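Subject: Structure handover

Hello,

Here is the structure I said I would pass on. My notes on it follow below.

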Amino acid sequence: MERPPITPPLSAPPPSGLGRTWLGALAVIGVAVHVLGRVWLATEGRFFATEDDGYRAYYGHLVAEGTASVVGRFWLPGQFFVLGALGRLGLDAALAPMVLGAITFVVTLVAVHSLARDLAPEGWGDAAGRGAVAVAGCSPLLLVLSHSALAEPLANALVAFAAAALVRRHRVGPRRLVWSGAITMLLATWIRYETWAYALAFVVTATVMAHRREGRRVALGDGAIASIALLGPIGWMIAQYLEHGDPFAFLDTIDEMAT
């Protein structure tokens, strides 16, 4: 069966070698802007972006010491596990989120580059990938979030990586990409609640894309593998039930805090 292209072809010709070189230079400049911005923020003593940052960094420190209850809170504990692991490696409680932010920045760049390259029409892959890196590198929002102890950078990086794996699956073909995307999305569901909707969308998208290109049998297989991502929300509700006797206890806490 002939596989239809993911995106329609552009009417304009692909960029020249000189154009790709300029886009590559812009990508390097974008990354340099981000790195220099991070250095400036650190030298100014600005380690936190919001009032939640200090609390999250301190809670990650408590996880590293083994004195925190990670299920008894309404915040998902995935990021705290990572901060705790970095703390056990010897990083300071305020430095661990900065290191994690640097790691998530790199993962985000790799993911957006892969997405742009795979979704671009014929001949535009390199240019699209470099342009995406340039835009992400120069993003003030990504700079501020990456230089914080918030959970959004880690969650966003994991979701972007999962999406890139799914798109690459339908560009190249190996089913192991669905596995890697599903496991990555599963991890993301323990970072931020918003990713629960993305996990559901991941399953639906994986199924529909496989059905369009390779038929019902492959679609059922890809959908089943992608459904691994849904184990994250299910696991969290089971943990809430074991801790509080109510699988939706976290919703009550969130509603109480909002009120």
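From the N terminus on, the elements run α-α-α-α-α-α-α-α-α-α-α-α. That comes to 12 helices and zero strands. Please keep in mind that this is a predicted model.

First, the overall picture. The chain has 259 residues, and 42% of them count as buried. The C-alpha trace spans about 60 × 50 × 35 Å along its principal axes. Take the contacts in the chain with a separation of 6 or more: residues 24 or more positions apart account for 72% of them.

Next, the core. The largest nonpolar core holds 25 residues. Within this core, M185, I191, F202 and A226 touch the most other members. Six helices each supply at least two residues: α3 (78-88), α4 (95-119), α7 (152-172), α8, α9 (195-214) and α10. The largest share is that of α7, with six residues. In soluble globular proteins, nonpolar side chains tend to be buried together.

M185 deserves a separate entry. Setting aside residues up to four places away in sequence, M185 touches V159, A162, T195, Y198, A199, F202 and A229.

Now the helix packing. I looked at α8 against two partners.

How do α8 and α9 pack? Their axes come within 9 Å and cross at roughly 160°. The angle is over 145 degrees, so α8 is roughly antiparallel to α9. The crossing of α8 past α9 is left-handed. On the α8 side, the contact is made by V178, G181, A182, M185 and A188. On the α9 side, T195, Y198, A199 and F202 take part. By type, the residues of this contact divide into seven nonpolar, two polar and no charged.

Helix α8 (residues 176-188) and helix α10 (residues 216-226) pack at an angle of about 30°, and their axes are 8 Å apart. That angle is under 35 degrees, so α8 and α10 are roughly parallel to each other. V178, W179 and A182 of α8 meet D222, I225 and A226 of α10. Here the residues divide into five nonpolar, no polar and one charged. V178 and A182 of α8 are listed in the contact with α9 and also in the contact with α10.

Which residues of α10 are buried? They are V218, A219, G221, D222, G223, I225 and A226. The cover over these buried residues includes α7, α8 and α9.

- H34 lies in helix α1 (residues 17-43). Its relative accessibility is 2%, so H34 counts as buried. Leaving aside neighbours within four places in sequence, H34 is in contact with F105, G137, L142, L143 and S146.
- A57 is in helix α2 (residues 51-65). Its relative accessibility is 4%, so A57 counts as buried too. Beyond neighbours within four places in sequence, A57 is in contact with F48, A93, P97 and A149. The C-alpha atoms of A57 and G125 are separated by 39 Å, and the two residues are 68 residues apart along the chain.

Those are my notes on the structure. Send any questions my way.

Best wishes

Conventions: Residues are numbered from 1 along each chain as its sequence is written. This is a predicted model: local features need pLDDT of at least 70, side-chain atom pairs count only at pLDDT 80 or more; totals for chains, interfaces and linings use all residues. Side-chain values use heavy atoms; hydrogens and water are left out. Axes are lines fitted to C-alpha atoms, for helices over the stretch in contact, and angles run from 0 to 180 degrees between N-to-C directions. Helices (H or I, at least four residues) and strands (E, at least two) are DSSP runs, numbered from the N terminus. Angles under 35 degrees count as roughly parallel, over 145 as roughly antiparallel, 65 to 115 as roughly perpendicular and the rest as oblique. Contact means heavy atoms within 4.5 Å. Ala, Val, Leu, Ile, Met, Phe, Trp, Tyr, Cys and Pro count as nonpolar, Asp, Glu, Lys and Arg as charged, and the others, Gly among them, as polar. A nonpolar core is a set of buried Ala, Val, Leu, Ile, Met, Phe, Trp, Tyr and Cys residues joined through side-chain atoms within 4.5 Å. Buried means under 20% relative accessible area, exposed over 50%, partly exposed in between (1.4 Å probe, protein chains only). A crossing is left-handed if the near helix is turned anticlockwise from the far one by less than a right angle, and right-handed if clockwise.
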